[in-house]
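Me: Hi! Could you walk me through this one with me?
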Amino acid sequence: MKTTYPLRTLTLAAGLLAATVGTSTHAQEYALRFQHSDQAGNPNYVIGQEWAASLMERSGGRLSLELLPVGSIVEYQETQDAVGAGIIDGHVTDASYFAGKDPAFSLIGNPVGAWSAPQQMLDYINKGGGKELMNELVQPYGLQFIGATTPGLEAFVSKVPIDSVADLKGLKMRAPEGLVNQVFAAAGATPVNLPSSEVFTSLDKGVIDAADFSVFSTNQAQGLNDIAKHPIYPGFHSMPLIEISMNKAKWDSMPEDLQTLLEESVLDFSANMVSQLAANDEKAVAEAAEKGITIHDWSDEERAKFRGIAAEKWVTVAEKSPNAQKVYDHLTAYLKQEGLIK
């Protein structure tokens, strides 16, 4: 049985370890240990392992990275503290998990409705100033943001045809608490907060007619499309930003060429993850179509309408902290520049 320990205990242990190993730790200064927010065997984790394994070869043996599954050292919501304290060297995780520390992480981690494709979000991070903004957010916690990836847009599960924002009116659907729930309510739906374990049964029994759940291939594998035969793909609402960050002090101690290597490797990791998961979705879409499942794809106009409704709810998040306001201002300016919102 796996045992996890309180963060305070682990912090003390880390300090004692550093004091005792001294020069031996320095001799292995490029041996990194990151924790992932997904379980071993999850496609996201498997692709992350491929990235970690590639670093040894790409660095000529100067850099190694061990990627641990969720809960190996600390729980998923504790990794930011653990990285800052040096208990682990880094993490691969959903940025919105740390919204309790600052609502800014929620808004940049998953601004509901903002993106219609993974590349839009990645362009914002890599070319639109998002990377610099993320570092402003994480560096006070002792982290260095290296880059981002995403599992892609979540599909939308539905038992009834939904081709427009107007079709959401009165729709009884599952949505988790928080911004997703608030945005769908503003769009006219009737969100119900249910745990993911109850989605299948609730759809099957008619408790709900639709659900925010996961990407298309996951929905298909779990049989959701077999009982809710009108999925929306590509999705229009939720796409998490998966941040790859590490301990800033350790980052600063590394030579510039290895810092550059890590940044470039994360760009490749991101492209590989998006490509592999998109291929999984496309295969699942083909399988669903063969079963007579009707796949709906919203027009750009309807996506823009939903994004406009979501943007009104982003304002409520922005009011909760100075950093959240900064994210809101930066994000909305970029989306206007790109013609994604008015």
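Me: What does the side chain of asparagine 219 reach at 3.1 Å?
Reply: The backbone oxygen of serine 214. A polar contact is a pair of N or O atoms within 3.5 Å; within protein, one must be able to donate a hydrogen and the other to accept it, and residues adjacent in sequence count only if both atoms are side-chain atoms. This is a predicted model, where local features need pLDDT of at least 70, side-chain atom pairs count only at pLDDT 80 or more, and totals for chains, interfaces and linings use all residues. Residues are numbered from 1 along each chain as its sequence is written, and side-chain values use heavy atoms, with hydrogens and water left out.
Me: Is asparagine 219 buried or exposed?
Reply: Asparagine 219 counts as buried because its relative accessibility is 1% (buried is under 20% relative accessible area, exposed over 50%, partly exposed in between, with a 1.4 Å probe and protein chains only).
Me: Switching topic, which residues touch the most other members of the largest nonpolar core?
Reply: Trp115, Phe156, Phe184, Phe306 and Trp314, out of 62 residues. Such a core is a set of buried Ala, Val, Leu, Ile, Met, Phe, Trp, Tyr and Cys residues joined through side-chain atoms within 4.5 Å.
Me: And which helix gives the largest share of this core?
Reply: H14, with seven residues. Helices (H or I, at least four residues) and strands (E, at least two) are DSSP runs, numbered from the N terminus.
Me: How many residues of strand S3 are buried?
Reply: Five of its five, across residues 90–94.
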